[in-house]
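Morning, everyone. Please bring the structure up on your screens, and I'll walk you through it.

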Amino acid sequence: TKLMQSNFAPIPELFVSYESAQKLKVEAADLTSHDLTPRQICDLELLMNGGFNPLKGFLSEEDYNGVVENMRLADGSLWPMPITLDVSEDFAESVEIGQDIALRDQEGVILATMTVTDRWEPNKAREAEKVFGADDDAHPAVNYLHNQAGKIYLGGPVVGIQQPVHYDFKARRDTPNELRAYFRKMGWHKVVAFQTRNPLHRAHQELTFRAAREAEANLLIHPVVGMTKPGDVDHFTRVRCYEAVLDQYPASTTNMSLLNLAMRMAGPREAVWHGLIRKNHGCTHFIVGRDHAGPGKNSAGEDFYGPYDAQDLFRTHEEEIGLKMVDFKHMVYVQERAQYEPNDEIEDRDNVTILNISGTELRRRLAEGLEIPEWFSFPEVVAELRKTKPPRSKQGFTVFFTGFSGSGKSTIANALMVKLMEMGGRPVTLLDGDIVRKNLSSELGFSKEHRDLNIRRIGYVASEITKNGGIAICAPIAPYATTRRAVREDIEQFGAFVEVHVATSIEECERRDRKGLYKLAREGKIKEFTGISDPYNVPENPELRLETENTEVDHCAHQVILKLESMGLIKA
Ligand code: PPS
């Protein structure tokens, strides 16, 4: 095997000099501007600082086709991931080939200019199949491709003006050349990089120690802080966890640096891409684990890739990547020996106790506030995770009542609020239909568009309350199932969403007619009245359905309380 040595020489960046950048900034005021998406900002940062070397800009059509079809740029060099500037059709039509455009961040700060050499409509289904392995929206990057990315791609060389600004963990962010300079200064000739998007526990520490020992290399913990898999622990929490673990490593042999990469979860191709990126950052070795950058299950409930596909593809291209792979051993805890060992190397497995806590099990224990043993993780890491993810009984949540006007939503919601306030512990906000229409949606009527807007506003406020640990009780009619689902998705990022269908029949509501509105609706004096002259989609799978006829309000509210208890949201 060829001896790998870290490359100290700087790699090419796409930045112009400070003086030229100042000049360009002024000149660019007249250019057509593209506002970069968060993912494009991540891509641009690594394009400009050399992390994506040899790319000189967003891919041209020819390079794109080569990358999609056989992981190669038009000049033959290995590149597995399409780095593309997706834009809307309208924007694409507004630019001409050969034109320079300004690439701006979301505050309008100019980061780069790009000469548009290519504009095309990609075959997204093909891209999904070839790059991500299946045209299936259950894959986060395929979902992004179809449902978020613009229809048209623009390609062309980029001139870097400035790095995207980061306000967090500045001292821990390094460009490839900064890391190369660091390795040079420290005299590190071999460096093994560990890619991660998860908090580090004892098993990871053991495996990184082993990797460094095996490769006789220094260690770079290189976590991704750009974009990872939806639902991951946020990077702020993770970096605090990494900082805590870093104290457990010998300081002179290990470093940690944050990588502002937007991951695609593309398994094998992603592993090769990660390798090339680490090579650019001056590393010589790279740890590839089981199911590297795995996207989870496809829509049929199966894995997108085999557990070792990433290792296989990496191995095939190892020479060309220019980085040696250190393959991840699945580490498990052997109780009798009080240490971690590679699962496949335990010979006396029938005579020892092998312990392991999966990611799913860890999340369950955090959600339920259960013990996380010391053999599994570090107390500091567990403390950080518990702060971010308190047990469900301390998290915020939303109770969302839906039903006809006069069904009893408000009355039950009110009773529920009082009961929750009696218990105490979390602030409670009632977003009743009428209150919202007065304070948030006073200009709206009852067309489908207006009702949707009204419900989305309620959902937004409820999601903020939930995020901040409070209880939101919503009680609008919310007649459309798709809108309710959208609100559910907004809220479930932060806490539980409990849909309660107040199933009072339209006949009963009309019989009660508390506000006299049904009479007016029948007379045609109120148009688009839900249940009379406007639709109501009955919830198919609400967390709870309440029959109110012949049932006391108090009892209805109590049923909600019981539901919340059974979901672990409140303690009995
Ligand atoms: S929606 O569809 O969810 O936006 O409706 P919401 O904000 O809950 O408002 C419903 C209350 O407005 C009164 N109202 C009407 N309801 C339904 N259809 C029409 N056309 C209408 N016009 C006025 C009605 O009193 C509802 O109050 P609740 O508390 O539901 O009885």
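The chain has 21 helices and 20 strands. Keep in mind that this is a predicted model. Along its principal axes, the C-alpha trace spans about 85 × 70 × 40 Å. The chain has 572 residues, and 53% of them count as buried.

You'll find strand β9 at residues 218–223. How many of its residues are buried? The count is 6 of the 6, so the strand is largely enclosed by the rest of the structure. Look at the two faces. On one side sit N218, L220 and H222, and on the other L219, I221 and P223. Both faces are covered.

Now the neighbours of β9. Strand β8, residues 191–196, runs parallel to β9, and 6 bridges join the two. How does the chain get from β8 to β9? The path goes through helix α8, residues 202–215, and this β-α-β crossover is right-handed.

On to strand β10, residues 254–256. Here 3 bridges make the link to β9, and again the strands run parallel. L219 has T254 in β10 as its bridge partner.

Next, the ligand. There are 22 residues around the ligand. Which of them come nearest? Those are S405, R437, R451, A478 and E528. The side chain of R451 puts an N or O atom 2.7 Å from an oxygen atom of the ligand. For the side chain of N454, the distance from an N or O atom to a ligand oxygen is 2.8 Å. With T530 the backbone takes part: a polar backbone atom there is 3.4 Å from a nitrogen atom of the ligand. And how much of the ligand is covered? Taken alone, the ligand exposes 630 Å², and the protein buries 93% of that.

Now the aromatics. The count comes to 18 aromatic pairs. Take Y64 and W120. Their ring centres are 5.4 Å apart. Why is this pair called tilted? Their planes meet at 50°, so the pair falls in the tilted class, between the cut-offs of 30 degrees for stacked and 60 for edge-to-face. Y64 lies in helix α3, residues 61–70, and W120 in strand β6, residues 118–120. The two are 56 residues apart in sequence, so the pair ties together separate parts of the chain. Are these two buried or exposed? Y64 has a relative accessible area of 3% and is buried. W120, at 7% relative accessibility, also counts as buried.

A second pair is Y182 with W188. The centres are 5.4 Å apart and the planes make an angle of 85°, which is edge-to-face. Y182 counts as partly exposed at 22% relative accessibility, whereas W188 is buried at 3%. The cut-off for buried is under 20%, for reference. There is also a cluster: ring pairs link Y333, Y340, W375 and F376.

Last, a few loop positions. E371 sits in the loop between α13 and α14. Its relative accessibility is 57%, so E371 counts as exposed. The C-alpha atom of E371 is 9.7 Å from that of V382, which lies 11 residues away along the chain.

H189 lies in the loop between α7 and β8. H189 counts as partly exposed, with 41% relative accessibility. H189 and T284 are 95 residues apart along the chain, and their C-alpha atoms are separated by 8.3 Å.

Then there is H281, in the loop between α10 and β11. Buried or exposed? H281 is buried, with a relative accessible area of 0%. Its side chain reaches the backbone oxygen of I277 at 2.7 Å.

That's my tour. Over to you for discussion.

Terms used
Residues numbered from 1 in each chain as written. Predicted model: local features only at pLDDT ≥ 70, side-chain atom pairs only at ≥ 80, totals over all residues. Heavy atoms only, no water. Buried < 20%, exposed > 50% of the residue type's maximum accessible area, 1.4 Å probe, protein only. Helix = DSSP H or I, 4+ residues; strand = E, 2+ residues; numbered from the N terminus. Pairing = 2+ DSSP bridges. Right-handed = clockwise from strand over helix to strand, strands pointing away. Near = heavy atom within 4 Å. Polar contact = N/O pair within 3.5 Å; in protein donor to acceptor, adjacent residues only side chain to side chain. Areas by Shrake-Rupley, 256 points an atom, 1.4 Å probe, with all protein chains shown as cover. Phe/Tyr/Trp six-rings, centres within 6.5 Å; stacked < 30°, edge-to-face > 60°.
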